[in-house]
Amino acid sequence: MKLGMMTKDECVDFVEFNITGDNENYNKCDPESFYLNSNVFNIYAGCFERSNHLFEFIGQTKYNSRKIVPLKNELEENHQSLTKIQSLGEFKEYVTGIFLGRDLLIDLAKADPNWQTCWRFYQRRLTVINRDLLKIVDLCINEERVLWVIGY
């Protein structure tokens with residue numbers, strides 16, 4: 001399991017972050033899109049849900065100029081929560097406190113049986129992903145683009 005943004009060819013169960021569309025349409029799986037494994041996306045899904053009550057985990061959700069700033073605020077708050085984690089117990093509590101977060105821990109255990117020894121590495125990876133999501137949001141704000149979030 002890759003903890004980070006990836007190409008669409010690197011995974012089957014993924015979420016697409018598409019910045020190529022307008023308020024009505026987008027270019028599905030566009031080369032400019034960003035992708036994240038669904039189990040990793042679960043860590044950030046709450047940010048998307050809280051900033052847009054129309055969020056669909058399976059399907060597409062539009063974040064236009066009205067919804068993108070609330071999304072940025074949610075992601076910034078999430079980033080602060082991630083960076084405050086100081087122990088393995090806090091890390092586990094944070095991840096398991098998220099809907100479907102346990103699935104990520106199960107995937108981590110399968111991919112790295114010793115993940116608990118190097119939990120800080122995984123915390124940092126989740127923080128980097130959060131920053132990457134913030135960069136996408138900032139790009140949309142600065143270039144007045146619409147962000148489409150599509151779960152497959």
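What percentage of the 152 residues in the chain do buried residues make up? The share is 48%, where buried means under 20% relative accessible area, exposed over 50% and partly exposed in between, with a 1.4 Å probe and protein chains only. The model is predicted: local features need pLDDT of at least 70 and side-chain atom pairs count only at pLDDT 80 or more, whereas totals for chains, interfaces and linings use all residues. Residues are numbered from 1 along each chain as its sequence is written, and side-chain values use heavy atoms, with hydrogens and water left out.

**Fold and dimensions**

- The chain contains 5 helices and 4 strands, both being DSSP runs numbered from the N terminus (helices: H or I, at least four residues; strands: E, at least two).
- Along the sequence, these elements follow the pattern β-β-α-β-α-α-α-α-β.
- The radius of gyration, taken over C-alpha atoms, is 15 Å, close to the 15 Å that the globule rule gives for 152 residues, so the chain is as compact as a globular protein of that length. The globule rule is 2.2 Å times the number of residues to the power 0.38.
- Along the principal axes, the C-alpha atoms fill a box of roughly 45 × 30 × 25 Å.
- Of the contacts (heavy atoms within 4.5 Å) between residues at least 6 apart in sequence, 66% join residues at least 24 apart.

**Aromatic pairs**

- A search of the whole structure finds 14 aromatic pairs. Rings of Phe, Tyr and Trp (its six-membered ring) pair if their centres lie within 6.5 Å; planes under 30 degrees apart count as stacked, over 60 as edge-to-face and the rest as tilted.
- One of these pairs, Phe41 with Phe48, is tilted, at 5.2 Å centre to centre and 50 degrees between the planes. Both Phe41 and Phe48 are buried.
- Phe41 also forms a tilted pair with Phe57, at 5.7 Å centre to centre and 45 degrees between the planes.
- This second pair links distant parts of the chain, 16 residues apart: Phe41 belongs to helix H1 (residues 38–51), and Phe57 to the loop between H1 and strand S3 (59–63).
- Phe41 has a relative accessible area of 0% and is therefore buried, whereas Phe57, at 28%, counts as partly exposed.
- Phe17, Phe41, Phe48, Phe55, Phe57 and Tyr63 form one aromatic cluster.

**Surface and charge**

- The chain exposes about 8100 Å², of which carbon and sulfur atoms supply 49%; accessible areas come from the Shrake-Rupley method with a 1.4 Å probe, and for residues only the protein chains shown count as cover.
- There are 18 positive and 22 negative side chains (Lys and Arg positive, Asp and Glu negative; His and the chain ends not counted).
- The centres of the two charge sets lie 5 Å apart, each charge being placed at NZ of Lys, CZ of Arg, CG of Asp or CD of Glu.
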